[in-house]
Amino acid sequence: MEYNPVYVTILVLLIGVLLIWYVFRFVGNKKVVKEKMVDATHLVDILTAHVSFFQRLDPEAQQRFVKRVNYFLATTKISAEKGAEITEEDKVLVAASATIPLFHFDKWSYENLDEVIIYPGTFDERYDTEASDKNILGMVGDGVMHRKMILSLAALRAGFANSAPSNTAIHEFVHLIDKADGEVDGIPEYLIPKSLIEPWLHEMHKTIRLIHQDRSDIRDYAGTNPAEFLAVTSEYFFEKPKLLKEDHPQLYALLDEIYSSEEDTPDA
């Protein structure tokens with residue numbers, strides 16, 4: 001049987017494109033940058049004491065969560081700058097923040113991140129910690145800071161305190177997921193099914209209008225733009241799922257479809 005060489009070439013190119021997409025979307029193959037791991041018992045103790053998402057998981061899911069945290073720690077540099085002094089616990093909290101939004105996606109890793117840089121407190125858009133108008137708690141880097149994330153140590157720790165109103169680290173990792181498709185636009189195309197994009201946009205714009213009219217209990221920062229809406233509502237979804245489900249059932253249902261399955265994100 002003879003084959004048209006043009007069709008064969010097209011088929012080979014198509015298969016190649018699909019393989020590249022599959023590797024990026026489903027396979028984590030980042031280079032190990034740290035061989036020495038956190039003691040397993042100590043790691044579990046930290047997660048149990050501080051990470052409510054981990055506390056809600058069943059034992060089997062907790063084991064998977066620990067493996068994902070270890071993978072992040074092994075493949076992502078976490079550095080202290082500007083006088084920050086970080087502990088092993090702080091590094092585990094960073095890794096937990098990264099793991100939470102992608103927990104259901106077992107082989108998805110942050111291919112667009114090499115390093116998380118920890119500053120002691122707030123900073124400005126030029127990464128200046130001494131500026132009079134410094135008010136930034138976290139940022140996904142760009143330009144010379146491409147493939148880097150900057151987090152305030154104070155904000156990282158505060159985000160995992162009991163009854164914390166927000167979680168800056170989770171917020172920034174959601175921005176990083178959003179950025180993976182090339183645009184930080186509130187539509188994480190590597191996670192969201194195409195059939196969900198229109199319902200998500202409808203719910204997002206409706207809720208942003210309510211925020212602007214002071215008719216929503218979701219914090220005002222979510223109304224800044226679609227990217228911030230995704231990041232803020234994702235914080236609610238992961239940190240206070242039961243409350244979000246009670247107060248905003250449609251928004252909860254959409255986020256649940258984007259991020260997780262029933263068994264991975266308990267409501268309790």
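## Reading a sheet, a helix and a core

Mentor: Let's start with one residue. Proline 226 counts as partly exposed, because its relative accessibility is 26%. Keep in mind that this is a predicted model.

Trainee: Where is proline 226 found?

Mentor: Proline 226 sits in helix α9. With neighbours within four places left aside, proline 226 is in contact with Asp185, Gly186, Met204, His205 and Ile208. Take histidine 205: it is 21 residues away along the chain, yet its C-alpha atom and that of proline 226 are separated by 8.0 Å.

Trainee: Which span should the 14 residues of α9 have?

Mentor: Count 1.5 Å a residue, and α9 should span 20 Å; the end C-alpha atoms are 20 Å apart, so the two agree.

Trainee: Now burial. How many of the 14 residues of α9 are buried?

Mentor: The helix is mostly covered, with twelve buried residues out of 14. Among them are Ala227, Phe229, Val232 and Phe238. As for what does the covering, the list includes α3 (52-55), α7, α8 (194-212), α10 (241-247) and α11 (249-259).

Trainee: How many residues does the largest nonpolar core have?

Mentor: It has 68 residues, and those with the most contacts inside it are Phe65, Phe72, Tyr110, Val116, Phe173 and Trp200. Helix α9 gives the most to this core, seven residues in total. There is also a second, separate core of eight residues, including Ile117, Tyr119, Met139 and Ile150.

Trainee: What does tryptophan 200 touch?

Mentor: Not counting residues up to four places away in sequence, its partners include Gly186, Ile192, Phe229, Leu230 and Thr233. Leu251, Leu254, Leu255 and Ile258 are touched by tryptophan 200 as well.

Trainee: Let's turn to the sheet. What order do its four strands have?

Mentor: With a sheet, read the order across, then the direction of each pair. This one is open, with the order β1-β2-β4-β3 and mixed pairing. The edge strands, β1 (77-80) and β3 (138-140), each pair on one side only. From one strand to the next, the twist averages 15 degrees.

Trainee: Which residues stand opposite each other?

Mentor: Glutamate 115 stands opposite lysine 148 in β4, and methionine 139 faces isoleucine 150 there. Glycine 138 has leucine 151 of β4 as its bridge partner. Burial applies to strands too: β4 is mostly covered, with four of its five residues buried.

Trainee: Which strands does helix α7 lie across?

Mentor: Helix α7 (residues 168-179) lies across β2 (115-119), β3 and β4, and runs at about 15 degrees to β3.

How values were computed. Residues are numbered from 1 along each chain as its sequence is written. This is a predicted model: local features need pLDDT of at least 70, side-chain atom pairs count only at pLDDT 80 or more; totals for chains, interfaces and linings use all residues. Side-chain values use heavy atoms; hydrogens and water are left out. A nonpolar core is a set of buried Ala, Val, Leu, Ile, Met, Phe, Trp, Tyr and Cys residues joined through side-chain atoms within 4.5 Å. Buried means under 20% relative accessible area, exposed over 50%, partly exposed in between (1.4 Å probe, protein chains only). Helices (H or I, at least four residues) and strands (E, at least two) are DSSP runs, numbered from the N terminus. Contact means heavy atoms within 4.5 Å. Two strands pair if DSSP finds at least two bridges between them. Axes are lines fitted to C-alpha atoms, for helices over the stretch in contact, and angles run from 0 to 180 degrees between N-to-C directions. The expected span of a helix is 1.5 Å times one less than its number of residues.
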